[in-house]
Amino acid sequence: MLTHASVDFGGAGSEATFFSGKRPGRRETDEELQVAKLYFSYASMGAGKSAYLLQTNFNYTERGMTSLLLTAALDDRYGAGKITSRIGMEADAKTFAPTDDLLETFILPALREGVSAVLVDEAQFLQPEQVWQLAEAVDRFDVPVMCFGLRTSFTGDLFPGSAALLAAADQMREIKTICCCGKKATYVLRKDATGQPTFSGAQVQIGGNDSYLPVCRKHWMEAWIAAGRPRIPGTA
Ligand SMILES: [Zn+2]
């Protein structure tokens with residue numbers, strides 16, 4: 001499966017904290033819920049970003065507001081159009097494909113129905129032009145857009161959608177999880193069916209037997225070197 005949520009990391013440190021040190025379950029600030037900005041919450045796998053999205057959605061609901069939920073069409077772990085967290089929350093979502101115009105297809109119709117915000121899961125799979133469509137929704141239609149995604153792939157590279165969001169977002173925050181050594185996990189290792197780290201294969205692998213482990217840079221590098229990869233990633 002392609003992301004963290006189906007994987008049990010066996011207590012490898014999936015307690016998530018915002019950069020501010022606040023804990024899950026906190027209320028979003030009024031500014032986050034009401035001010036039209038492009039927000040990007042990024043994480044490694046296993047940090048519980050879907051749980052944060054669902055909590056945010058709940059906070060809107062609690063205030064009598066509704067939000068448009070979007071997720072990548074290729075994430076069909078739980079059936080198309082569901083955002084699910086490992087701790088048991090879930091919500092229906094609309095799914096976007098790489099070719100969809102997010103503004104025309106999803107956001108403008110939803111605004112006509114009165115939604116107060118747009119929440120995007122698996123935002124690493126956005127195309128850069130889709131990030132601009134989200135920015136247009138913020139700037140022209142005055143709606144908060146909150147994206148939740150992974151920063152780096154298992155090969156240590158930025159996802160294109162995350163790179164575009166890191167450039168375009170008005171406000172960013174990090175959802176943290178930790179490596180087995182206790183340091184912040186900013187990378188992820190893909191482990192094959194035998195439990196060995198692997199650095200080959202598609203960036204998105206659907207339906208495989210691989211699992212993912214959030215790790216710090218040092219431990220990612222150690223596995224990278226042990227696999228015979230060049231000392232400087234990206235120079236192969
Ligand atoms: Zn480590």
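Q: What counts as buried or exposed here?
A: A residue is buried if 20 or more other C-beta atoms, placed from the backbone, lie within 10 Å of its own, exposed if 12 or fewer do, and partly exposed in between.

Q: OK, so is Glu-104 buried or exposed?
A: Exposed, because Glu-104 has 10 other C-beta atoms within 10 Å. Keep in mind that this is a predicted model: local features need pLDDT of at least 70, side-chain atom pairs count only at pLDDT 80 or more, and totals for chains, interfaces and linings use all residues. Numbering starts from 1 along each chain as its sequence is written.

Q: Where is Glu-104 found?
A: In helix α3. Helices (H or I, at least four residues) and strands (E, at least two) are DSSP runs, numbered from the N terminus.

Q: How far apart are Glu-104 and Ala-137?
A: They are 33 residues apart in sequence, and their C-alpha atoms are 9.8 Å apart in space.

Q: And how do the axes of α3 and α4 cross?
A: The axes of α3 (residues 102-112) and α4 (residues 128-141) come within 10 Å, and the crossing is at roughly 30°. Axes are lines fitted to C-alpha atoms, over the stretch in contact for helices, with angles from 0 to 180 degrees between N-to-C directions.

Q: Which residues of α3 and α4 meet?
A: From α3, Leu-102, Leu-103, Ile-107 and Leu-111; from α4, Gln-130, Gln-133, Leu-134, Glu-136, Ala-137 and Phe-141. Contact takes C-beta atoms, placed from the backbone, within 7 Å. The residues of this α3 and α4 contact divide into seven nonpolar, two polar and one charged (Ala, Val, Leu, Ile, Met, Phe, Trp, Tyr, Cys and Pro are nonpolar, Asp, Glu, Lys and Arg charged, the others, Gly among them, polar).

Q: What about α4 and α5, at what angle do they pack?
A: About 35°, and the axes of α4 and α5 (residues 160-168) are 8 Å apart. Pro-128, Val-131 and Ala-135 of α4 make the contact with Pro-160, Gly-161, Ala-164, Leu-165 and Ala-168 of α5. That contact of α4 with α5 has seven nonpolar residues, one polar and no charged.

Q: Switching to strands: how many residues of β2 are buried?
A: Six of the six residues of β2 (residues 38-43), so the strand is largely enclosed by the rest of the structure.

Q: Which way do the residues of β2 point?
A: Leu-38, Phe-40 and Tyr-42 go one way, Tyr-39, Ser-41 and Ala-43 the other, and all are buried. Side chains in a regular strand alternate between the two faces of the sheet.

Q: In what sense do β2 and β8 pair, parallel or antiparallel?
A: Parallel, over six bridges, with β8 covering residues 145-150; pairing takes at least two DSSP bridges between two strands. Phe-40 has Cys-147 as its bridge partner in β8. β2 also pairs with β9 (residues 171-176), in the parallel sense over five bridges, and there Ser-41 is partnered by Arg-173.

Q: What's the order of the open sheet of three strands?
A: β11-β10-β12, with antiparallel pairing. β11 (197-198) and β12 (211-215) are the edge strands, each pairing on one side only. β10 (residues 187-191) and β12 are antiparallel over five bridges, and Tyr-187 has Val-215 in β12 as its bridge partner.

Q: Which helix packs on the sheet?
A: α6 (residues 217-226), which touches β10, β11 and β12 and makes about 35° with the direction of β10.

Q: And overall, how many helices and strands does the chain have?
A: Six helices and twelve strands. Of the 236 residues, 39% count as buried. Among contacts with a separation of 6 or more, 78% join residues 24 or more positions apart.

Note on methods:
Two residues are in contact if their C-beta atoms, placed from the backbone, lie within 7 Å.
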